Amino acid sequence: MVTLTEGMHEGEFIGEHAMGIGYHVKEVTLLSGENLAAGTVVGQITTGGKYIASDANASDGSEDPAGILYAAVDASAGDVTNARIIFRGPIVVNGNDLTWDAGNDAADILAGKAALDLLGILVA
């Protein structure tokens, strides 16, 4: 029998909107070479302003979480200019459904959650 694995759906990581106000989404450019799942924490590269998976060990601006990718995006063949991210709350998201860059350890993820909290994105 074939085993099927269902991936993360668009916005599946969203828990609730605070006070019914909602969250803020914007379209950004995901850098060529990235292939990211919905719920990936992203950072913005200082030079050029494009987005990649946030890596606390980087020094290009992406070390600071700038939002969460709303839907899966495959930019492996080139920049994707219409990737959507949640960049500001108020919103509560399920921390178990977020994806962090493999270079981040537990302390990096804890700091990343605090940075998202400053954006109004509460990771529960």
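Pro90 sits in the loop between β8 and β9, and a cis peptide bond with omega of about 20° links Gly89 to Pro90. Welcome to this predicted model, where local features need pLDDT of at least 70, side-chain atom pairs count only at pLDDT 80 or more, and totals for chains, interfaces and linings use all residues. Residues are numbered from 1 along each chain as its sequence is written, and side-chain values use heavy atoms, with hydrogens and water left out.

**Overall layout**

- The protein has one helix and ten strands; helices (H or I, at least four residues) and strands (E, at least two) are DSSP runs, numbered from the N terminus.
- Read from the N terminus, the order of elements is β-β-β-β-β-β-β-β-β-α-β.
- Of the 124 residues, 37% count as buried; buried means under 20% relative accessible area, exposed over 50%, and partly exposed in between, with a 1.4 Å probe and protein chains only.
- Among contacts (heavy atoms within 4.5 Å) between residues at least 6 apart in sequence, 67% join residues at least 24 apart.

**Strand β6 and its partners**

- Strand β6 covers residues 65–69, and four of its five residues are buried.
- Strand β4 (residues 41–44) pairs with β6 in the antiparallel sense over three bridges; two strands pair if DSSP finds at least two bridges between them.
- Val42 has Gly67 of β6 as its bridge partner.
- Strand β8 (residues 80–88) also runs antiparallel to β6, joined to it by two bridges.
- Here Ile68 stands opposite Ile86 of β8.

**Nonpolar cores**

- The largest nonpolar core has 13 residues, and those with the most contacts inside it are Phe13, Ile68, Ile86, Val93, Leu98, Leu116 and Ile121.
- Strands β9 and β10 (121–123) each supply at least two residues of this core.
- Another core, of twelve residues, lies apart from it, and Leu36, Ala53, Ala75 and Ile85 are among its residues.
- A nonpolar core is a set of buried Ala, Val, Leu, Ile, Met, Phe, Trp, Tyr and Cys residues joined through side-chain atoms within 4.5 Å.

**Lys26 and the ring of Phe87**

- Lys26 belongs to strand β2 (residues 24–30), and it is partly exposed, with a relative accessible area of 32%.
- Its charged end sits over the ring of Phe87, 4.7 Å from the ring's centre; the criterion is NZ of Lys or CZ of Arg within 6 Å of the ring centre and within 35 degrees of the ring normal.
- Leaving aside neighbours within four places in sequence, Lys26 is in contact with Tyr51, Ala83, Arg84, Ile85 and Phe87.
- Lys26 and Arg88 are 62 residues apart in sequence, with 9.5 Å between their C-alpha atoms.

**Around Asn104 and helix α1**

- Asn104 lies in the loop between β9 (91–93) and α1.
- Is Asn104 buried or exposed? Asn104 counts as buried because its relative accessibility is 11%.
- A polar atom of the Asn104 side chain lies 2.8 Å from the backbone nitrogen of Ala56.
- Not counting residues up to four places away in sequence, Asn104 touches Ser54, Asp55, Ala56, Asn57 and Ile109.
- Ala107 is found in helix α1 (residues 106–118), and Ala107 counts as exposed because its relative accessible area is 52%.
- Ala107 and Ala56 are 51 residues apart along the chain, and their C-alpha atoms are separated by 9.6 Å.

Definitions and conventions:
Polar contact = N/O pair within 3.5 Å; in protein donor to acceptor, adjacent residues only side chain to side chain.
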